[in-house]
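Visitor: Could you walk me through the salt bridges in this one?

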Amino acid sequence: MHDIRAIRENPETFDAALARRGLEPMSAQILSIDEARRKAIQTAEEAKAEQNAASKQVGAAKAAGNDAEFERLRALVADKKAEVAAMQTEAGAKDAELRDLLMTIPNIVLDEVPQGADEDDNVEIRKWGDVPSYSFAPKEHYELSGVGANMDFEVAAKLSGSRFVALRGGVARVHRALAQYMLDLHVDTHGLVENITPVLVRDEAMLGTGQLPKFSEDSYQTTNGWWLIPTAEVTLTNFASGEVWDEATLPRRYVAHTNCFRSEAGSAGKDTSGMLRQHQFEKVEMVTICHPEKAIEEHERMVTCAEAVLEGLGLPYRRIILCTGDIGFGAQKTYDLEVWLPGQNTYREISSVSTCGQFQARRMNGRFKPADGGKPEFLATLNGSGLAVGRCLIAVLENGQQEDGSVVLPEALHPYLGGKTKLVEGALV
């Protein structure tokens with residue numbers, strides 16, 4: 001959400017920032033509503049003052065026996081009371097209209113974000129690891145005999161429909177081991193605080209992080225009004241909702257492993273084979289809540305935490321910065337990590353790490369009390385995948401595949417697998 005005072009002071013700057021995202025100017029519309037709201041408030045305050053003044057004179061007129069003046073003042077009090085109520089109602093309506101409009105406008109991107117129309121204009125920052133070469137044609141994860149029937153799309157479709165998967169046996173254990181490895185690395189090495197959060201949230205939580213109101217079709221809502229979280233960003237970031245924290249307690253760095261749910265409303269026909277794009281999946285999510293002046297520093301730190309997972313597993317990847325046409329609604333700047341998938345012969349996204357500045361904190365009224373005793377200020381929030389567990393499983397399977405269809409597993413996972421090192425026909429050996 002945006003600071004209306006900043007828009008009043010620099011409308012041209014605001015419109016120029018929207019233009020970078022390919023949006024039309026909006027400051028005139030916003031300021032028109034704001035002016036009507038402020039005028040209604042001012043009129044209500046003036047009418048209230050006149051009402052109070054007349055109320056004080058009513059008694060004096062009555063005591064003086066001036067019936068005509070008494071009746072005039074009493075009528076004036078009634079008129080002003082009605083005017084106050086009408087103006088307060090109008091001000092409330094304009095305030096809601098302004099809030100609803102501001103809620104639909106995306107965050108302002110930082111100057112260093114490259115200009116671009118879509119994902120083709122994203123900029124590669126660096127690569128890590130050697131892309132493996134094979135003496136055979138590498139297969140996609142769901143084609144590997146080493147995976148076998150333990151990645152079952154048919155039984156999942158019988159239970160739930162398309163874009164679900166049932167994992168069992170060794171494949172399920174590798175998936176679980178990946179999540180445990182990520183959590184241990186983030187907690188023990190990176191100093192993040194582990195959390196277990198609900199996966200059902202109220203409207204306010206989805207509004208706070210920006211999934212509502214514009215993107216309701218991308219998520220699932222229960223019949224009694226709860227939303228299934230698309231990521232633990234929603235729950236972890238909303239820890240700050242309505243709070244005023246001491247600056248000394250910042251930064252707060254969180255991590256959680258949860259199920260995530262996305263309807264993928266706008267992705268019909270995309271990545272329908274295998275488990276690359278699912279309605280239900282697991283993710284280890286990182287969230288940092290900090291002083292706004294530390295947000296860029298924390299962003300760099302967070303992306304290196306995600307990279308450490310890939311490097312620990314020996315998975316080749318590249319870091320890219322998203323352009324203005326591909327960056328998310330709530331982000332000021334985003335790095336994507338894309339892991340190499342031999343079966344597709346390309347890099348695919350496995351983590352997206354964003355700094356949101358004070359955008360989300362304004363939406364949820366999350367603030368901190370400065371150490372110098374000044375007025376409370378809005379916090380800065382950041383989020384990133386550390387990593388998407390299912391996509392990491394895909395990368396482990398495809399990069400470790402052998403000519404006979406078995407899969408050699410990363411050494412970092414061996415302690416989580418009872419010392420087993422390979423997948424053969426879905427079993428650990």
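Predicted model: local features only at pLDDT ≥ 70, side-chain atom pairs only at ≥ 80, totals over all residues.

Visitor: How many salt bridges does a search of the whole structure find?

Guide: Side chains of opposite charge can pair when their charged atoms come close. Here a salt bridge means a side-chain nitrogen of Lys or Arg within 4 Å of a carboxyl oxygen of Asp or Glu. Searching the whole structure on that basis gives 22.

Visitor: Which residue forms a salt bridge with arginine 253?

Guide: Arginine 253 lies in strand β9, and its partner is in helix α9, so the pair ties together parts that are 45 residues apart in sequence. (Helices are DSSP runs of H or I, at least four residues, and strands are runs of E, at least two, numbered from the N terminus.) The closest N and O atoms are 2.6 Å apart, and the partner is glutamate 298.

Visitor: Is glutamate 338 buried or exposed?

Guide: Its side chain meets that of arginine 318 in a salt bridge, 2.7 Å from N to O. Buried means under 20% relative accessible area, exposed over 50%, and partly exposed in between (1.4 Å probe, protein chains only). Arginine 318 is partly exposed at 22%. Glutamate 338 has 11% relative accessibility, so it counts as buried.

Conventions: Residues numbered from 1 in each chain as written. Heavy atoms only, no water.
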